[in-house]
Amino acid sequence: MFIKNALQGAPATTTRFRELWDEIAPIGRDARTGGYLRYAFGEPERRLREWFRVQAERRGMPVTGDGNGNLFARWGDPDATGAVLTGSHFDSVPQGGAYDGPLGIVSAFLAVDELRAAGVAPDRPIVVGAFVEEEGARFGVPCLGSRLLTGALTPERAAGLRDADGVAFAEAFGDRPAGARPDLLAGFATFVELHVEQGRALVDRDAPVAVATAIWPHGRWRFDITGEPNHAGTTRMADRRDPMLTYAFTVLAANKEARLRGAHATVGRVNVEPNATNAVPSRVTGWLDARAAEEGTLAELVEAVRAKAVERARRDGTEVIVTEESATPLVGFDAGLGGRLATLLDAPTLPTAAGHDAGVLAGHLPTAMLFVRNPTGVSHSPAESATDADCAAGVTALARVLAELAAR
Ligand code: GLV
Ligand code: MN
Ligand code: MN
Ligand code: MN
């Protein structure tokens, strides 16, 4: 094999990683916090898509779109089927980290370089992909691009999605999304997504790279709580119908119910109307993000929170409506493929509670994920990090995986 130890990037790879990484590092970075604001089709994300095209062109890899906003750069016969797809996403959560997403795309281009430098001529085409709106930070549904591509979400449903300013997905994209592309999917034999780890398992295992086994079932539920707007000074406490109270109780209930089940519940987004200091609000909308190792546990958790919110609303004289915005079932990655890659890389295997486009594609083609160690485990935060040496190890591991999967 052309690489002796897959889990250690060569110093030259570390240097090449840093050079390429520095090209995108300033794009969409908030100078005040160091966090990233890279939303689907927003200016920074468009610049990153342009950067993707330039990188592909430099490497002589023609780029095609899928009509849904996802991009694919191809090395190899344009007509051959059985291609190996690798890549990730550019978009971030509000004030997100640098690595969540872009690491998988930068590593994919560098892995192509590494294969070429080693004189590897893959039998199958290798395709680098960039998926759109993975975080759902702009239009609310995570993995929107891969859901459209696979048909998990219809173009009609996508057409109805609007961002906080009322801009529709189709308007931001500039076209009506094409929806399912079984013709495109049929051309891929495998998908491998490299991603920064979003926990501390690799620190605990003292390893730079791991292979994923599964993704916890997870989803998003919107709690719309309405009450009676009124004067903060003159309205007697007993006369209030305050949705903020119902909301606050619901957040506490979500935390408690999740802990009871060994699950995770977060309310990280809230909207208050009219948002005045001296008025009882008319409406509070909170978004519950819930995740659990098993689908039954997740369903139980969401139902328990819903029931507690409804009961509390009855006491507060408010009304609560719960709407499921997205739900992703348990994803078990192809065990044969994962085991093969773990052996190839001599890497540990682990499950994750974070969602990925790989989780959506796993229902359609054999899919695997590689995680690169994150020293603090922090993610979806400006503090997310990975060392250049570990990122280089990730590139080398990915190159090795691609060489293996692209050989007939
Ligand atoms: C995506 O990163 C998610 O798991 O929320
Ligand atoms: Mn993320
Ligand atoms: Mn991600
Ligand atoms: Mn994700």
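Which residues are around ligand 1? In this predicted model, they are Glu135, Pro142, Ala354 and Gly355. Sorted by class, the shell around ligand 1 consists of two nonpolar residues, one polar residue and one charged residue.

The chain as a whole is divided into two parts: domain 1 covers 11-216 + 330-405, and domain 2 covers 218-328. Taken over C-alpha atoms, the centres of domain 1 and domain 2 are separated by 33 Å. Nine residues of domain 1 are in contact with nine residues of domain 2. On the side of domain 1 that touches domain 2, five residues are nonpolar, four are polar and none is charged.

A pair of helices comes next. Helix 11 spans residues 335-345 and helix 13 spans residues 388-405. Their axes lie 10 Å apart, and the helices pack at an angle of about 125°. Helix 11 and helix 13 are therefore oblique to each other, and their crossing is right-handed.

| Helix | Residues in the contact |
|---|---|
| Helix 11 | Leu341, Leu344 and Leu345 |
| Helix 13 | Ala397, Arg400, Val401 and Glu404 |

By class, the contact of helix 11 with helix 13 has five nonpolar residues, two charged residues and no polar ones. The side of domain 1 that touches domain 2, by comparison, has four polar residues and no charged ones.

Methods. Residues numbered from 1 in each chain as written. Chains lettered and ligands numbered in written order. Predicted model: local features only at pLDDT ≥ 70, side-chain atom pairs only at ≥ 80, totals over all residues. Domains from an automatic or database assignment. Contact = placed C-beta atoms within 7 Å. Nonpolar A, V, L, I, M, F, W, Y, C, P; charged D, E, K, R; others polar. Near = placed C-beta within 6 Å. Axes fitted to C-alpha atoms, helices over the stretch in contact; angles between N-to-C directions. Helix = DSSP H or I, 4+ residues; strand = E, 2+ residues; numbered from the N terminus. Parallel < 35°, antiparallel > 145°, perpendicular 65-115°, else oblique. Left-handed = near helix turned anticlockwise from the far one by under 90°.
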